[in-house]
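Hi everyone, thanks for coming. I'd like to walk you through a protein that may be new to you, so please have a look at the screen first.

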Amino acid sequence: MHTAIAHRLADDLRAAGFTTEALRSLIGEDAESALARAVAVPARRALARHPHDAVAVLARLFVLGDVVDAASVAAALPGTGLEDAERLGVIERRGQAVAPAVAVRPHVFADGGEGWIASDLDELAGVFPLRPDHVLGVGGAGRTLVSLLPASGSGRALDLGCGCGLVAFELRRRGFDVVATDISPRALWFTKLGAALNHLEGIDVREGSLYEPVGDESFELVASNPPFVITPRADGVPAYEYRDGGRAGDELMREVVTGAASHLVDGGRAIMLGNWEERDSLTGLERVRAWTEGVGAWVIEREQLDPARYAELWVRDGGTRPGGEEHEALIGAWLDDFETRGVEGVGLGWVQLMRGSGLRRFERVAQAVDTAVLAAHTAAVWRAAAWLDRTDDMLLAASVLRVSTDVTEARHHLPGAEAPSVIELRQGGGLARTVSADPALAALVGASDGELPVGVLIDAIADLLEVDAAALRADLLPRVRELVLTGMLEVPHDVAD
């Protein structure tokens, strides 16, 4: 990696004002939205109206993948120059024109800082089909993983399967010393390029499969968006390094999950995305549960697809459109593979592990969630789980809780009925949960204002409802634990910590 040249390129991009906001102002929000759908025409038309603007030139070259006249590119990159830009590997000179060799796109990091992510040119740039060692840029999965990472940290973090380096960059910006690994030399090159463009030191880039590059090293955090796609191991089925791990079924995902615990320090966490199969008379969540024995685990299945829909998703991702013989053949290969192995469905979701935690939670959460609050919420759940581990029912009854400010109550009445037929507690943040409640639980939550202990409130509610206090306590305390764990009831920070 020619780090000095990459630094000069970054200086040129910064001097030109090549940012997400500058690009948006040139092309407009509608064209920006089209870019997110891999439709370049509106942006290309808008940029053509600014032929001498440096941002427009750089966007045409590095965002849209257009061939641009050499003089315009040289003017936009005065510190780098065409010769060194080609030496770095980001452009190719073609006589009096310049073609991009890679994509270099503006990116806003989670902390609000501006930078650039380098990756392979893709469908947006008209590249079809993708090369087998294609390195993906910033996608939905990468953004989701970033949203789950702790907002800050220290110590060592591992980005397993780093790809273009997005997660490694985020971890470094948040304070971790990062080891970034990948089996793909091309992915590692892009990670090094991106680190140089964003002036990020402290990222140790290593080549190798899964945990091999780190031996017996341990980390405070392991993050991974591994190549988890379940792809048939059959002739004629294309495989892409960024998504296909080269294993049968969900075997690679099993290896990633089962290997994580031995690379975590006590109290260390692993956060990863993945797919898992429903087969052998087991749901996907039950199979993942078996992968996580001996470690604290919180697994969320966000979506479940039947074999046909899963095949359609990834055949389309590879660039093969419906209507042709190739599309039918690929769908058939996927369905043959699933049928042979008895796969009834595929789950897609998040896996979080913590060494030393007693939390064991495996659930489906299909509702839309605000990714902006995920990091804080997941950290709070692990904190609450630790507090609940050391809090028996007597201590819980003596605890003072407060209802979270994002919790609301909804009551549904049949026409003319005095009492509600349904009471729901709704979480505005977190995972946007809805919990059914009876009058006793609703009363307890409503009275949890940080003033009186849970046990005192239950005794008062028992008197009000004219029921046995001990029986009500036995009924409500397990449900209080669930509300504490999910963040609908909060423990004072000085107590929880």
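Let's start with Arg93, whose bridge partner in strand S3 is Val98. Before going on, please keep in mind that this is a predicted model. Strand S3 covers residues 97-100, and four bridges join S2 to it, with the two strands running antiparallel.

Now let's step back to the sheet around that pair. Three strands make up an open sheet, in the order S1-S3-S2, and the pairing is antiparallel. Which strands stand at the edges? They are S1, residues 68-69, and S2, residues 91-94; each has a single partner strand, so one side of each is left without a neighbour in the sheet.

Is strand S5 largely enclosed or left open? Five of its six residues, in the stretch 114-119, are buried, so strand S5 is largely enclosed by the rest of the structure.

One is His199, with a phi of about 50°. You will find His199 in the loop between helix H10, residues 185-197, and strand S8, residues 203-207. His199 counts as partly exposed, at 40% relative accessibility. The other is Asp280, where phi is positive at about 55°. Asp280 sits in a loop as well, between strand S10, residues 264-278, and helix H12, residues 284-291.

On to the cysteines. How many disulfides are there? The count comes to zero. Take Cys162, which is in no disulfide: the nearest cysteine sulfur belongs to Cys164 and is 8.5 Å away. Seen from the other end, the closest cysteine sulfur to that of Cys164 is in Cys162, and 8.5 Å is too far for a bond; the cut-off for a disulfide here is 2.5 Å. Cys162 is buried, with a relative accessible area of 7%, and Cys164 counts as buried too, at 6%.

Next, a residue in a helix. Ala471 has its place in helix H19, residues 469-485, and is partly exposed, with a relative accessible area of 43%.

Let me finish with the protein as a whole. The protein has 20 helices and 19 strands, and its C-alpha atoms fill a box of roughly 90 × 55 × 50 Å along the principal axes. Of its 497 residues, 52% count as buried. Looking at contacts between residues at least 6 apart in sequence, 68% join residues at least 24 apart. The accessible surface comes to about 21,900 Å², and carbon and sulfur atoms account for 51% of that. As for charge, there are 47 positive and 75 negative charges, and their mean positions are 4 Å apart.

That's my tour, and I'm happy to go back to any part of it.

Technical notes: Residues numbered from 1 in each chain as written. Predicted model: local features only at pLDDT ≥ 70, side-chain atom pairs only at ≥ 80, totals over all residues. Heavy atoms only, no water. Buried < 20%, exposed > 50% of the residue type's maximum accessible area, 1.4 Å probe, protein only. Contact = heavy atoms within 4.5 Å. Areas by Shrake-Rupley, 256 points an atom, 1.4 Å probe, with all protein chains shown as cover. Lys, Arg positive; Asp, Glu negative; His and termini not counted. Charge placed at Lys NZ, Arg CZ, Asp CG, Glu CD. Pairing = 2+ DSSP bridges.
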